[in-house]
Each structure stands twice: as structure tokens, then as C-alpha cells.
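Please read them beside the sequence and the coordinates.

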Amino acid sequence: MDSTERYLVGVFDDDEEVLHAVTEVKNSGVKIEEVFTPFPIHGLDVAIGHPRTRIPIAAFLFGCLGLTCIFSLINYTMVFDWPMIIGGKDFFALPDWIPVSFEGTVLFTAFGMVGTFLVSNSLWPGKQPKTFDLRSTDDKFIMAVNMANNKKSEAEIESILKASGAIEVNVKQF
Amino acid sequence: MSHVVSPIRETLVSGGKSYHDVTNDICKQVEGEPTKEWKIAFGVSCIVFAYGAYCLGYTWWQGIGVWGLNKTVGWAWDITNFVWWVGIGHAGTLISAVLLLFRQKWRTSINRSAEAMTIFAVLCAASFILAHMGRPWLFHWALPLPNTFGSLWVNFNSPLVWDVFAISTYLSVSLVFWYLGLVPDLATIRDRAQTKAAKFWYGAFSLGWNGSAKTWARYEYVSLILAGISTPLVLSVHTIVSMDFATSVIPGWHTTIFPPYFVAGAIFSGFAMVQSLLLITRVVFKLEDYITIEHIEMMNIIITVTGSIVGIAYLTEFFIAWYSGVEYESYCFINRATGPYWWAYWMMMTCNVISPQLFWFKKIRQSILVSFILSVVVNVGMWFERFVIIVSSLHRDYLPSSWAMFTPTMYDIGDYIFSFGLFFTLFFLFAKFLPVINMFEVKSVMRGVSTNFPAKKKSSGDKSKETVH
């Protein structure tokens, strides 16, 4: 594979326009690599054709893991390892264990989910992002088209991007 | 689309801002030299912090005998301050999580600083928990760690252990929620950075964020789920704090009304604190277009609602003390209102129940000066509420020969001053080095709510593609 990747970068200046443009550009037979926006636009990932995220499943599983871990710990310490009679109650005092079990579940869910999020998007401290246009974190909406994945010529794609509302089209190589 | 807004709504961002204006306005104070006002304010808070640190250091060194506690009043300012700060902390999570679930768009310009306030307030609360342990270096004994004395564990049936788990989970989850919200904005600052240091630090902390559609889609799910789990979490925290009292057998504490009553009080005082801070921040950083009168009014409405809930709780407690027929309970409440601590009780009643009722008048709700004064008054009242609950329930116990009064020493006061120093030092550092307003969330709600955008929306509908900026 070629060591340099060549991209055509369409710059849009409106969030609703870029959402319409994604559908238009796709319908003209251009494969969009990714769209970079300063804030979330609902439905953009669906329009590009990204699969639905499975983060909620990860969150649920981490919650289950947290509940299991913390409940096992309480059960082990209070019933098996060092049982104490407290107010004449059963060693297995389920209602009293609800608060700590709940907190443990929340803790595991939050950290597990956020960890999964960082790993799945490969975000880590000090990572250098692949920046197509510095303004994509300010006020511009950036559509990146990977030339390697498209058969159409650059001139053709550029005119499609322009027709769908791009205010500039630039070339970016990595 | 998602941004359907009724035409009768006030605009959330005034001044006809574009997206780029938002970036400029918020990044300005991060990128520029610190202003003279900031330096003075930061200097003062550092001095307060240093004095407080001396007092707290002395408390740690000598032990809590330097406080004014006696054998009858074993909890006083320490736990009062702890509950007060934790309660204040609740507003940040309420604003960022509960208002997110309810799709309240006005939260976007205040959630960042409210969440920061949450974290700093919980740290202040933690300082009292550590200090009141007496030997803070042994705080890990409260955690379920196997220890050198055999296989002795913490008692998971005890509300004090629940509290350890609740507060530490709350602090760490709030920190994650806040930091995750900061990442896209740190990336904005990184991409504008001119100096090497700014490029390095904001680059490191923005984790290589690039704002791709895929990342945002996942990000929105993560925020939603974090909000979903933070909502019961924040309610559980103050519920558990109230159970520290409610599961005991002290008259005045042993009541089932405590959890909802404490949670309402926490929201009440927290919103008041957010109000105080925002009214200062918006002037100092010239953010009047982002934190508008509409925001201030919304906050005041929540303060009135929660203040009224707290008022009803006070009256219910009194009614139940009489209706239960328990003479100790009745005496405790009569003693609160007419005993030697009557002034604290009536201070609490005036500040918390009567003063927020002024907000029924729209003129008062929209007055910045009155809002500021009342927000401070509410927090004074909420401090007295905790003092009344703790000290007035303890100081006259079952045995009249051991009745006593509580007098704070300079170290009680100094440790309280420490928490203010810590809080404001951290808050000023936050306000200088991090964006005080969540830029990406404000941008995402601007269409249809900013005065700039209705015209623009029309023009993008027709094919002429004129840009109206």
C-alpha cells in the first residue's frame, strides 16, 4: 500500500447543510471516510453509514461485573470470613448491603464504559490527532474523502462536494 | 430536527453570536494574560487557603481536642461543614445529569462551572471527614482492605461505611463526567494554541480528540448513560448522608423524612451556590450573552421550589414530633425553636423558608443584585440548618446533668476557613486555565435559540446558499 494517503477535504460552514450534504454526496456515488464537527450532530453517523455503537452493551456488562464483584466481597467478608452479630440480624443482611452494592455498580459502569470509549476511539494522553482542518473544532464542518477508496477523479469529487454546499475543497496528504 | 424551539422562548444565547464568536469569547480568558482582578482574587484566596492550612495542620498535629467539642456535643462544625459542602456539590450533578435527561437546553452554559464546583465542594467536604477521623493518616481503615490485625473487615451494615463508598464513588464519577465533557473543548483550545506550552498541555489533556462523527455518536451515548447513572447516584449520596443521622436513635435524627428532606436541601443550597458563583463569573469574564437573565430566573425558580420543599419538611418534622406522642422527640423540637439555640433555628427558618418566597415576584427573580444577596442568604440558612440538626439534637440529651453548649474555637473556625480557601483557589485556577462554559454544548443548542439563527435557517432551505453571518 502507498505510504501517503490522499484526501479531498470539503469544508462546510453549517451543521444542517453538512447533514444534507452527506446524503447528497453519498447518493452521487462518493464514499465518505468521515465527517469532523465541532459539536455532535444527531443522525450524522447514521447518514454516513457508521454501524450503531455498542457502548451501552459494554456499560451494562461492566455494571453486572461491578455488582457481582462488590456483592461477592460483602458476602465473603460478612458471612464467611468474619461473621459478626450486629443487632441480632442475619449475617446475610441483604437490605443493608443495597447501598454499597449500588455504589459499586455505578463505579464499575462509569469507569468501564469511559475506558471502553477511550480505547475504542483510541484516545489517550498525548496522542497526536490526524487533523484534516484545524477549524473543525471551532466552527467548520469537515468532510474527508479518501481517494484510495474512490474510483471517481478528483475533479469530479470536488465538483460534487462544491455542488452539495462546500465552501472550500482542499487536498490533504498524510 | 432536534432543535425545535417554541417561538415564545427567550433566546439562550443573546448578542447574535456565531459559532466562531462562541469559541473566541470563551477561549479569550484561557489564552490571554490573567487580568488584574483575577490576580487579586486568586491572591486573596491563596492567603485564606494558607491560613486555613495552618489551622487544619494544627488540628491534624494536635488532634481534634483543639475543637470545641465536649462529651455531650461530639459532632458540631466538622459534620455541619461536611454536610453543607456535600449538599452544595449536588447542584453540579443535578444540572449536568438531571437537566440533561430532561432535555433542558439552558443547562448548557452553566453545567461546566457547576460541575467544577461539585468536585471542589466534595473535596472540601472530604477535608472535614478526614479531619474528624482524628487520625487522618489511618483513613484507609474505612476501606475493606485486609489488615494486619487478622481478617477483620469493615461493617457493611453501617451507614458510615455506606458513606465512604457513596462519597468516593460520587467524587470519582463526577470527576470522570466533568473531564469527559472538557475533552472536546480542550481540543478546541489545542487547535488554536499559539504557545508551545499551551500546545503541549492542552494537546496532552485533549487525548487526541478529533471530533469525528463516529466519536461523537459514541460520546453522546456515554454522556447519556453517565447522566443516567449519576442521577440515582447523586440522590443516593445525600440519602446516605442523611442515614448517618436517621439510623441512629437520637431524637431529632431518627426520622424517616430525612432522605428526601436532605436531598431537597442539597439541591436548594447547591443551586444557590451556583447562582452566587455565576453572577460573579458572568461579570468578571463578560459572559452576559451566555449566562442571561433567563438562566438566572430559571435558577431562582428551582431555588424557590426546593426551598419550599425544605420548608414543608421543617413543618412536617414538627407535626410528627407532636403527633407521634414521643415526649423526647417533642422536647427536642420545642428545644430547637425556643431553647438556648433558638437564634440558630430562627435564622434557618428565615433564610431558608421565608426569603426564597420573595422569588414569587418576577421583578425580584430577574434582579441580579437581589438574586445574589438571596443566594448567599440561602447558603447561610442551609449552614444553620445542619448546625441546628446536629448540635441542637445533641446538646440536651437524656441526662440533664450532662446538658452542654457548644462553643467553637479558632480551629473550628480556621478549618472552615480552610475549606473556603481550598474551594476558591481551585475555582479561580479552573476559571483561568479551563473553559468556564461548555463551548460545544452551547454551539449545539444555538440553532433556533440564538438570535442569529432563525434567519439563517430560512436561507439554507432555499437553494441560493447565501451565508448570513
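1. A:Val9 stands opposite A:Ala144 in E3(A). This is a predicted model. The pairing involved is that of strand E1 (residues 6-12) of chain A with strand E3 (residues 141-146) of chain A, antiparallel over 6 bridges.

2. A:Ala144 also has A:Glu34 opposite it. Strand E2 (residues 34-36) of chain A pairs with E3(A) in the antiparallel sense, here over 3 bridges.

3. Chain A as a whole contains 5 helices and 4 strands. Their order along the sequence is β-α-β-α-α-α-β-α-β. Of the contacts in chain A with a separation of 6 or more, 80% are between residues 24 or more positions apart.

4. What radius of gyration does chain A have, and what would a compact globule of 174 residues have? Chain A has 25 Å, whereas the globule would be near 16 Å. The C-alpha trace of chain A spans about 80 × 35 × 25 Å along its principal axes. Of the 174 residues in chain A, 40% are buried.

5. The contact between the chains draws 61 residues from chain A and 55 residues from chain B. On the chain B side, the elements giving two or more residues are helix H1 (19-31), helix H5 (159-192), helix H6 (196-205), helix H7 (213-246) and helix H15 (439-444) of chain B. H7(B) gives the most, with 16 residues. By class, the side of chain B that touches chain A has 29 nonpolar, 19 polar and 7 charged residues.

6. Helix H11 (residues 342-354) of chain B is a separate item. From first C-alpha to last, its 13 residues reach 17 Å, close to the 18 Å expected at 1.5 Å a residue. Which residues of H11(B) are buried? They are B:Tyr345, B:Met348, B:Cys351 and B:Asn352. These residues lie on the same side of H11(B) because the arc they cover around the axis is only 145°. In general, an α-helix has 3.6 residues a turn, so residues three or four places apart point the same way.

7. As for what lies over that side, the cover of the buried residues of H11(B) includes helix H9 (293-323), helix H10 (327-338) and helix H13 (368-394) of chain B.

Key:
Residues are numbered from 1 along each chain as its sequence is written. Chains are lettered from A and ligands numbered from 1 in the order in which they are written. This is a predicted model: local features need pLDDT of at least 70, side-chain atom pairs count only at pLDDT 80 or more; totals for chains, interfaces and linings use all residues. Two strands pair if DSSP finds at least two bridges between them. Two residues are in contact if their C-beta atoms, placed from the backbone, lie within 7 Å. Ala, Val, Leu, Ile, Met, Phe, Trp, Tyr, Cys and Pro count as nonpolar, Asp, Glu, Lys and Arg as charged, and the others, Gly among them, as polar. The expected span of a helix is 1.5 Å times one less than its number of residues. A residue is buried if 20 or more other C-beta atoms lie within 10 Å of its own, exposed if 12 or fewer, and partly exposed in between; C-beta atoms are placed from the backbone. The arc is that of the directions from the helix axis to the C-beta atoms. The radius of gyration is taken over C-alpha atoms; the globule rule is 2.2 Å times the number of residues to the power 0.38.
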